[in-house]
Protein chains: 2
Amino acid sequence: MAQDSAKMNPDEFISEARKNINIELSRFFERRIREISDSSIKKLIGQIADYTVQGGKRIRPILVVCGHNLFKEPDPEVYKASISIELTQSFFLIHDDIMDQSDLRRGKPSLHKVLEKDFVGMREARRMGENIAIVAGDLAMTYAYEALSETNFNDKIKNKAMKELISITKITGYGEGIDMLTTAGVKLKMNDLIRLHLWKTAKYTLEGPLLLGATLAGYDGPTAAISAYGCLTGLAFQLHDDIIGLFGKEEEIGKPVKSDVNEGKQTLLMIKAMEYSSREESQFIEDILKRGNVSDAEFEKIKKIVEKSGSYDYSRRLIEKFILSGKQYVKTINGDNNTKDFLLWLSEYLVTRKN
Amino acid sequence: MAQDSAKMNPDEFISEARKNINIELSRFFERRIREISDSSIKKLIGQIADYTVQGGKRIRPILVVCGHNLFKEPDPEVYKASISIELTQSFFLIHDDIMDQSDLRRGKPSLHKVLEKDFVGMREARRMGENIAIVAGDLAMTYAYEALSETNFNDKIKNKAMKELISITKITGYGEGIDMLTTAGVKLKMNDLIRLHLWKTAKYTLEGPLLLGATLAGYDGPTAAISAYGCLTGLAFQLHDDIIGLFGKEEEIGKPVKSDVNEGKQTLLMIKAMEYSSREESQFIEDILKRGNVSDAEFEKIKKIVEKSGSYDYSRRLIEKFILSGKQYVKTINGDNNTKDFLLWLSEYLVTRKN
């Protein structure tokens, strides 16, 4: 076990870590732009860089750093590896926005919309933007692997880290797959929803980054407690995300508040609202989710049903339960106490955030 | 240098190698299906498997085996690694068909068309098929890395092989990028076209697989001759591909003969035909490439112009030149003679094939 790292308050730690992560991201993209001569590809790399650098809270790479610091003294090389998760995130979001036809991401145009601008006036401008965004997403995934391969960890550790990254992109891909097949009409049961969140969100947001970090520390011990914290906190993170997706303010969450409903997303809020409300109200929600294009009045009515039926409270209670249980697991990890304190703090932060 | 492997005639070697490659592909997909419980994901994996297993000449994984055998005794583990290139190929083709809106691949429905079938009758069936195919392509790329990570080469070799695979997916991605940006209206010069073919085709078809194989053999010597053979033969391969795309028979090439023209693809045949023919004929070709939807009569006229103008002969001569030059490089490689003989034979095979 590592010595306890110097106590830092969470905000200080986050802002220090973010700074280092952003530096490594910039350096990574500078290397990519420098190694290639073609100007149109330089421009495309720049667009992927802007997309990656501009947004995001950097929670995922910070968790890589935490996973490492649990078991070893802080090491600047970990920041270099941690950006692989941020690049993975770009890859997911770029393709996700094409699939969902979302034109906004983090309050700015999504990448296919940015790329579309170069083709204004052409017959197939939107399609062109989406096509190049498919390639850009593919490149971001390649970059994720490249970021890891460029670090100077020893070969054994690097291979184990590669396996973790493979597991992250695979499981998240499976999550995307069932999500797509679900939006297409299948009615979700609670168990399916939990699995969907574990695969599509918790793996690459919490569990995977922590395990990747632990691997980089050369940690070879039991990982069940880390996984449990990651899964439980990841589930809570997603349930909270669904709440701010419905009740949040557009300027805070950076996307139209109605988009989840318009996409027909079967969140726990919707599922429980349909279960707990009258037949008529339940049918109303089901119809809107199928139809999309929700009006302001209908949207307000849905929010009312979610609150009145007890669905909102159900989600909130479940979030608390998951967070509490996740914290118990953190306490059992035989690792650096300051990092453990940070993870305990982070659980609360993730389910009280407004964006 | 390895001992010369037992002399085998090329057809025997290819059919033996194909058998082993197909076995490893099947085993890989069986492992993926076995490790997951969700039935809809099992089905999706099966669809990626069918797509990968059904088609293809397996030239690329065979070249991985050759790259290895140049420098080391044959090793069954190489077959296990070689399928990473076949999975990479699936990834490229799946996304390529979405971007090109091609509904046929190897004479069968492309993957987004296969996936669309589950949504017949739904408003957005085509979009659903494409969305799931985006995810399926992403998974195929992840599988490519996983296939490599599942081999038992030592950590140093495996990391070097990972770097080669990263380079392959990155360069090919750049090739896809400039191809997209080109189809969108920019007029290609000869140099741009050569670079496009080097990046989009030669890297993942010839050069990358050979270098990957050499890496797996633990080869650490000069690679310039291997790269030169790979690049030159890869260019010839693509130029020949363009010829059979225009002059081949639909039942042989497995896609509509007009598709290259309809997609507005600026092949060397088109570029040189425009350069060498009358102003009127040149304008005719340019207009058709911009417009697409070519009629039978127009298509025959284009073929006539390509032949009459000397463009066809120009491509054929360039192919011969590239092949001859590539062969010279093979002769300088300090490696197994039977494998070198096979590579010499393969050059000819690749530019005389009918599909």
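**Exercises on two chains**

With 14 C-beta neighbours inside 10 Å, Gln101(B) counts as partly exposed, a class that lies between buried (20 or more other C-beta atoms within 10 Å of the residue's own) and exposed (12 or fewer), with C-beta atoms placed from the backbone. This is a predicted model, in which local features need pLDDT of at least 70 and side-chain atom pairs count only at pLDDT 80 or more, while totals for chains, interfaces and linings use all residues. Residues are numbered from 1 along each chain as its sequence is written, and chains are lettered from A and ligands numbered from 1 in the order in which they are written.

**Exercise 1.** Locate Gln101(B) and Gln101(A), and describe the backbone of each.

Solution. Begin with Gln101(B), which sits in the loop between H4 and strand S1 (104-105) of chain B; helices (H or I, at least four residues) and strands (E, at least two) are DSSP runs numbered from the N terminus. Its phi is near 55°, a positive value in a residue other than glycine. Then turn to Gln101(A), which lies in the loop between H4 and strand S1 (104-105) of chain A and has a positive phi of about 55° although it is not a glycine. Because Gln101(A) has 16 C-beta neighbours inside 10 Å, it counts as partly exposed.

**Exercise 2.** Work out how the axes of H4(A) and H6(A) are arranged, and which residues bring these helices into contact.

Solution. First, the axes, which are lines fitted to C-alpha atoms over the stretch in contact, come within 8 Å and cross at roughly 165°, where angles run from 0 to 180 degrees between N-to-C directions. The two helices are therefore roughly antiparallel, a term for angles over 145 degrees. Next, the crossing of H4(A) and H6(A) is left-handed, in the sense that the near helix is turned anticlockwise from the far one by less than a right angle. Finally, the contact (C-beta atoms, placed from the backbone, within 7 Å) involves, among others, Leu87(A), Phe91(A) and Ile94(A) of H4(A) and Ala136(A), Ala140(A) and Ala144(A) of H6(A). By class, its residues divide into 15 nonpolar, 5 polar and 1 charged.

**Exercise 3.** Carry out the analysis for H6(A) and H4(B), which belong to two chains.

Solution. The axes of H6(A) and helix H4 (residues 76-100) of chain B come within 9 Å and cross at roughly 160°, so these helices too are roughly antiparallel. The crossing of H6(A) and H4(B) is right-handed. The residues that make the contact are Asn131(A), Ile134(A) and Asp138(A) of H6(A), together with His95(B), Ile98(B) and Met99(B) of H4(B). This contact has 3 nonpolar, 2 polar and 1 charged residues.

Note on methods: Parallel < 35°, antiparallel > 145°, perpendicular 65-115°, else oblique. Contact = placed C-beta atoms within 7 Å. Nonpolar A, V, L, I, M, F, W, Y, C, P; charged D, E, K, R; others polar.
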